[in-house]
Amino acid sequence: TAPCVDLQSFGMMRTVVAALLLSLSATADAFAPTFGARLAATPRGAISRPSMRPRVALGLRMIEEDNTALSEFVRDGKAMSLLAKEKLYLDCCASFNTEGEASPLSDDEFEALKTDLTFEGSRVMLMTREEIKFMSAKSRYNEGKPILPDDEFDSLRQKLKKQGSYAVMHEAASCRVDPETGKAVCKSDLFSDEGKNAILYTPALVLSALLFNEWAFWFRGWDPLFSLILGAPFIAALTYTLTNFIYFQSPFVTKAICPECSTPQNIFFGDVLWVSGGVNNAVTTQCTNKACACTLTGYKDRMIVESIKD
């Protein structure tokens, strides 16, 4: 059977649409003369593009282009690179923490520098107070003007490394010659592999959730979703216990690059079902790149991996 069409309703809809179109047309005709008169009354050349001439004020070079204002920090009339700006910012922070040393910038210029670094997306502006303190101390130490004792600097470095701070972590490898053995020692930083560390908990999580759901359904008559919500603390505790003390023993997956060939790879700290008989702080392995195949030693407490070659 063909669908029935209500012709009366269809005709009413056409009438309403036509009335709306007529109303819009009348409104446009009413405003057109006013807009045309205003446009004609405007002198030729009065509507101009923004000035492209730079303006210098308080260490900022204001560049207006296409109605967008960009603020660039300048010093002595010259633009600075991002690295130079970050170095200047750290020098200001170091002078603030050092007694009797004047800041290289005034308060207004320092605020302008902070604004410029924030606009450029500098990582320095996202650092914590301790990270800024470490970076300033490291910069001054390289200049031969240490501002922190060695023991305080080392303790601060270890603290930031445990927190996984990028202020002390470097993806590139570094090499040096051991003065005692005369061998080249190359090292790179270890990073926690959060994704693979989370995967380690998956088997225990599935088993714990199934066991609790079965117990809650057969002995308590609970709904499975309700039992998951109510038993979340028990499931989390059982998952942590099974993963860290039964299936694995203090597992920790790290990622790094080979100091010799820069090949990305993982280093596992811990034990699996007591196979090695204990948990060691240092792990010796080989590079996954067969063309390199150098011997690597990873240290969990120092979060570095080293390679030694003659």
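This is a predicted model: local features need pLDDT of at least 70, side-chain atom pairs count only at pLDDT 80 or more; totals for chains, interfaces and linings use all residues.

The exposed surface comes to about 21,300 Å², with carbon and sulfur atoms supplying 60% of it.

Now switch to cartoon view. You'll find nine helices and 12 strands. Among contacts with a separation of 6 or more, 51% are between residues 24 or more positions apart.

Next, select the largest nonpolar core, which has 12 residues: L190, F252, A256, C258, I267, F269, V283, C287, C294, L296, M303 and V305. Strands β8 (248-257) and β9 (264-272) each supply at least two residues of this core.

Stay there and click on L296. Skipping residues up to four places away in sequence, L296 touches a list of residues that includes core members C258, V283, C287 and V305. L296 also touches P259, Q265 and E306, among others.

Then move to the second, separate core: this one has 11 residues, including Y89, C93, L105 and V124.

What is E86 in contact with, leaving aside its neighbours within four places in sequence? The partners are L117, S122, R123 and V124.

Look at the charge on that last stop. E86 is buried yet has no salt bridge. The nearest side chain of opposite charge is R123, 8.1 Å away. Zoom in on S122 instead: a polar contact of 2.5 Å joins its side chain to that of E86.

Conventions
Residues are numbered from 1 along each chain as its sequence is written. Side-chain values use heavy atoms; hydrogens and water are left out. Buried means under 20% relative accessible area, exposed over 50%, partly exposed in between (1.4 Å probe, protein chains only). Lys and Arg count as positive and Asp and Glu as negative; His and the chain ends are not counted. A salt bridge is a side-chain nitrogen of Lys or Arg within 4 Å of a carboxyl oxygen of Asp or Glu. A polar contact is a pair of N or O atoms within 3.5 Å; within protein, one must be able to donate a hydrogen and the other to accept it, and residues adjacent in sequence count only if both atoms are side-chain atoms. Contact means heavy atoms within 4.5 Å. Helices (H or I, at least four residues) and strands (E, at least two) are DSSP runs, numbered from the N terminus. Accessible areas come from the Shrake-Rupley method with a 1.4 Å probe; for residues, only the protein chains shown count as cover. A nonpolar core is a set of buried Ala, Val, Leu, Ile, Met, Phe, Trp, Tyr and Cys residues joined through side-chain atoms within 4.5 Å.
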